[in-house]
Amino acid sequence: STTTTTVIYQYFVGNVGHGVACQDTATGVGFIMYSEEVVQNRFSALSLAAEHLICVKHGSGMWQYDNNKIWATFTPEDSDVLIARVNFTSHEAQMLEGENSTYYDIQMGYWRGNLHVVANQWNSMSNEGEFTFIGSGFDVDFVYRRLQPLDGLDESLDALEMSPLSDLQHIMAEPPSRRLGGLTDALISSVRSEIAQLAGVDPAYVAVNSEDNDGSHELVKFTVAVATVLPDLDEGVARSQASEVLGRLDRPQQGGVGVQLEAALGGDVEVLVEAAPQIGFLEGVFPACGAPAHVPHSNEKWSPGMCGGLAWSDAPCQVPCQEGFWADGEAYRCNIAGDWEGSPACIPEWATSDWSACSSSCGAGSQHRSVVCPTGTGCQRPKPEASQACYETSGCQWVAQPWECTPACGPSSATREVSCPSGVASDCGLDGKPETAGDCEDFSTCSWKVGAWGVCSGSLCGMGTQVRAVWCESEHASHCQGLTPPTVQVCLNTTGCAWQASAWSSCSTQCGAGL
C-alpha cells in the first residue's frame, strides 16, 4: 500500500452561501475580509450570506463592516485577512492573491489559494453590488505549505474531494527478451492517457504512479478523480458519478480493465490485474497548482499568478494573447498531482494594413496592402495576399462622343457613341444614359446653283454682255464652298449681222476689159 498525501490550506472559507452582500448604494473603495469566526455570530450579517466573508472599509480612523443595511464599526482580530479589493462605486472586485502587506492592522493579501470572485451575483443570479465566491481556501504565509497523510487529516474539513480509486496492477514485459527495466516516462504517459480514455475523463483527472516490484514487474497504481463533495453536490450524487466511471473502467463483457488496457497499449506489455478498481473517498483536497510558466507575448493584463491556486476540478486557465498574436496549444489545466498540463503559446499573426483604394474608379482594377510579421519571423499561418483584384463603380459616368451629323445641305439626322468606362451599362445607371440620336443641320454638301445666260446685250451684230442668276442652294452664300460662279460675261451677237455692198467703182479701163 501507499500513503496518500494532500495539500491543506491554512484558511477554509466554509459555506459561501448565496454570496457576500454589500449595500447597493455603497461608494468608494473597500475590501472583502475573511473572518475566522463565523460572521453571522461576530457581526449582524445576513443568515444566507457566506459564513466567513464580509464587506469592510476603513475611514475616519476606524474599521467598518457592511451588513447590507448600514456600516458598523468593529475591532480587527489577528486572524482577519483582506482577500479582495472592492470598488463599491463600480461594483468591481479583484482578488489580492500574491500581495503581502498590512493595512491598518489587518493582513492584506495572501500567498495562494483556489478562490475566485464573481461580481454582481447573488445566489447564482445577477444582482448588482453583491459578490459570489467560488473555491475552498487560501494560504497567507508566503513560506507555508504543508502536506499531511490522510490519517492525520482533520475530520471537519469543509471541502472533501472524492476519487474512484485505485487499481493496483502488475505490468510485465513479454517476452523476457523485451523486458522493461522500469516503465519509461512515455509508457507511463500512455497508460495514463489510455486509462483516461477508458474512464471517459480528462487526462488531468488521472494520476499514475509506478514502482519496481521484483525486477521483472512494475506495480502501477492509478487514481481517477471524479467529483468534489460541496454544498451543491452531496455524497450520493458524487458516488453515482463515480459508479458511472467505474462501470466504464471495469467492463466485464470486454474482459475488465486489464484486458482493455493491454489492448490499448498495443501488445508490447502484458497487464495482470492485482486489485479491481474501487470507489474511495479522499478526505482532503488534491494539491492546487502554483503559477505556471510565463507565456511570451501574452496579454499585458494576464499574469501567471492568475492561474495559481487552481485545482483539478477548476476550468482550464486560458491565456489571452497580445493584439497581433493568436492563442495556440491547449490552455493550462491543473491535474490532480498539482502539476500544470497544456502548452499555451501566443503565435505572431501577420499584420496587414488597410487595402489601398482600387486602381480603377469604374470597373476592374487592383488594390494593395502591406503584410509583415510583427516579430520578423515566426508567423506560422499562411501569409495573406498583398494584392487583390477589385471592382469599383463609384466613379462610373456615361462618356458621350461628339455628335456626327449625316452630310446634307440643311436639316439632317445626328448620331453619337455613348459608353460606360467599365463596359457594363448598369454600372453607370441606365436611367441617366444620354441620347444616341438627334436632329441637326449640315451644309457640307451645299453647292452653287446657276441660271441660264440672258440675251447678249448691245449691238445686234457685235460684242455685248449677258448676265445670269447665281445662288447657293441653302439660300445662304456662306454655306457654299468655293468661288462664286460669274454672273456676267462678254458675248458676241450676230443675230443682226448682214453683208453691206457699196456702189461699184469706175471700170479700170476705158477701153476693153477691166475691173
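**Exercise 1: Charges over rings**

Task: State which residue lies over the face of Trp-71, and at what distance from the ring centre.

Solution. Lys-57 lies over the face of Trp-71, 4.4 Å from the ring centre. The criterion is that NZ of Lys or CZ of Arg is within 6 Å of the ring centre and within 35 degrees of the ring normal. Arg-381 is likewise placed over the face of Trp-326, at 3.8 Å from the ring centre.

The model is predicted: local features need pLDDT of at least 70, side-chain atom pairs count only at pLDDT 80 or more, and totals for chains, interfaces and linings use all residues. Residues are numbered from 1 along each chain as its sequence is written, and side-chain values use heavy atoms, leaving out hydrogens and water.

**Exercise 2: Aromatic pairs**

Task: Determine how many aromatic pairs there are, and classify the pair of Phe-31 and Trp-63.

Solution. Rings of Phe, Tyr and Trp (its six-membered ring) pair if their centres lie within 6.5 Å; planes under 30 degrees apart count as stacked, over 60 as edge-to-face and the rest as tilted. By this rule there are 15 aromatic pairs. Phe-31 and Trp-63 form a tilted pair, with 6.3 Å centre to centre and 55 degrees between the planes. Helices (H or I, at least four residues) and strands (E, at least two) are DSSP runs, numbered from the N terminus. Phe-31 lies in strand 3 (residues 29-34) and Trp-63 in strand 5 (residues 62-66), so the pair ties together parts that are 32 residues apart in sequence.

Next, consider burial, where buried means under 20% relative accessible area, exposed over 50% and partly exposed in between (1.4 Å probe, protein chains only). Phe-31 counts as buried at 6% relative accessibility, and Trp-63 counts as buried at 4%.

**Exercise 3: The buried face of helix 3**

Task: Identify the buried residues of helix 3 and where they lie around its axis.

Solution. The buried residues are Ala-238, Ala-242, Val-245 and Leu-249. Seen down the axis of helix 3, they fall within an arc of 60 degrees (taken from the directions from the helix axis to the C-beta atoms), so they line one face of the helix. An α-helix has 3.6 residues a turn, so residues three or four places apart point the same way.
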